[in-house]
Amino acid sequence: MDILQAIQERHSVRVYKDQPIEEEKRAKLQDLAEACNAESGLHIFIRFDDPEGFDSRMAHYGSFRNVKNYIVLAGPEGKDIEEDCGYYGEKLVLEAQMMGLNTCWVALTFNKKMVKKLIPDGEQLCMVIALGYGENQGTAHKGKSLDELMATKGSMPDWFRKGAEAAMLAPTAVNQQKFKMGIKDGEPVIRISGKGFYTKTDLGIVKYHFEAASGRKVQ
Ligand SMILES: Cc1cc2nc3c(=O)[nH]c(=O)nc-3n(C[C@H](O)[C@H](O)[C@H](O)COP(=O)(O)O)c2cc1C
């Protein structure tokens with residue numbers, strides 16, 4: 001599966017099978033997390049076979065069931081890490097999808113108290129991403145139209161359309177899609193539009209989708 005297919009086929013999955021993730025896939029994801037950390041200064045790490053992050057004995061963690069693996073997105077305290085967590089987290093999400101795994105971004109409905117214990121002093125927790133073999137592949141959700149998400153009008157180069165279509169498929173908190181895309185001086189620009197929850201993390205996620213599909217760096 002290539003990255004464009006991964007972008008199209010990815011949907012949030014909240015119920016997982018017991019099937020453990022193979023060693024080879026673990027190593028590949030961990031290597032990618034380390035490469036992301038080296039590039040960004042974040043501290044992204046993956047917990048395998050650790051159900052406590054979603055404490056499945058307690059019913060109140062949303063609609064999540066049987067989450068045994070998760071990606072922790074953390075970084076230095078006092079720094080605005082949200083957009084970077086979105087960008088690099090989504091890089092891991094799409095890599096996982098290409099490996100046949102499923103994911104779901106989780107800002108609220110996880111066991112924050114347990115996960116916070118894993119974060120070293122001097123670091124802050126951003127959020128987590130559930131990971132594993134899904135009981136299903138999730139479902140496609142209706143989002144905003146390309147027109148609604150555009151800040152500028154006029155003709156659209158091919159590369160821009162490809163990027164924009166991938167950005168439209170990016171996961172955002174409560175599917176809010178609070179962003180607008182445009183072209184400035186021939187370069188793609190994406191900005192937060194309006195108030196919402198976790199819009200900075202959403203922005204990083206959306207930018208990664210756009211870049212992966214268009215091959216252009218987003219401002
Ligand atoms: C930043 C962020 C935070 C999210 N937090 C939660 C959460 O706490 N609980 C949850 O069930 N889903 C959460 N989601 C998943 C979104 O609800 C989901 O991505 C959105 O509805 C779009 O669906 P899709 O991912 O299947 O395309 C979050 C997604 C993002 C991007």
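Residues are numbered from 1 along each chain as its sequence is written. Because the model is predicted, local features need pLDDT of at least 70 and side-chain atom pairs count only at pLDDT 80 or more, while totals for chains, interfaces and linings use all residues.

**View 1. The shell around the ligand.** Of the 21 residues around the ligand, those that come nearest are His11, Ser12, Trp105, Leu108 and Pro171; a residue is near if its C-beta atom, placed from the backbone, lies within 6 Å. Two or more shell residues come from each of β3 (102-106) and α7 (199-214). Helices (H or I, at least four residues) and strands (E, at least two) are DSSP runs, numbered from the N terminus. Domain 1 (3-132) and domain 2 (146-214) each give at least three residues to the shell, with bounds from an automatic or database domain assignment.

**View 2. Helix α3 (residues 82-98).** The end C-alpha atoms of α3 are 24 Å apart, which agrees with the 24 Å that its 17 residues should span at 1.5 Å a residue; the expected span is 1.5 Å times one less than the number of residues. Of these 17 residues, 14 are buried (20 or more other C-beta atoms within 10 Å of the residue's own, C-beta atoms being placed from the backbone). Gly100, with a positive phi near 90°, follows α3.

View 3. Strands β5 (residues 179-184) and β6 (residues 187-192) run antiparallel and are joined by six bridges; pairing requires at least two DSSP bridges. Opposite Phe179 stands Ile192 in β6. Two residues lie between the strands, and Asp185 has a positive phi near 50°.

Terms used. A residue is buried if 20 or more other C-beta atoms lie within 10 Å of its own, exposed if 12 or fewer, and partly exposed in between; C-beta atoms are placed from the backbone.
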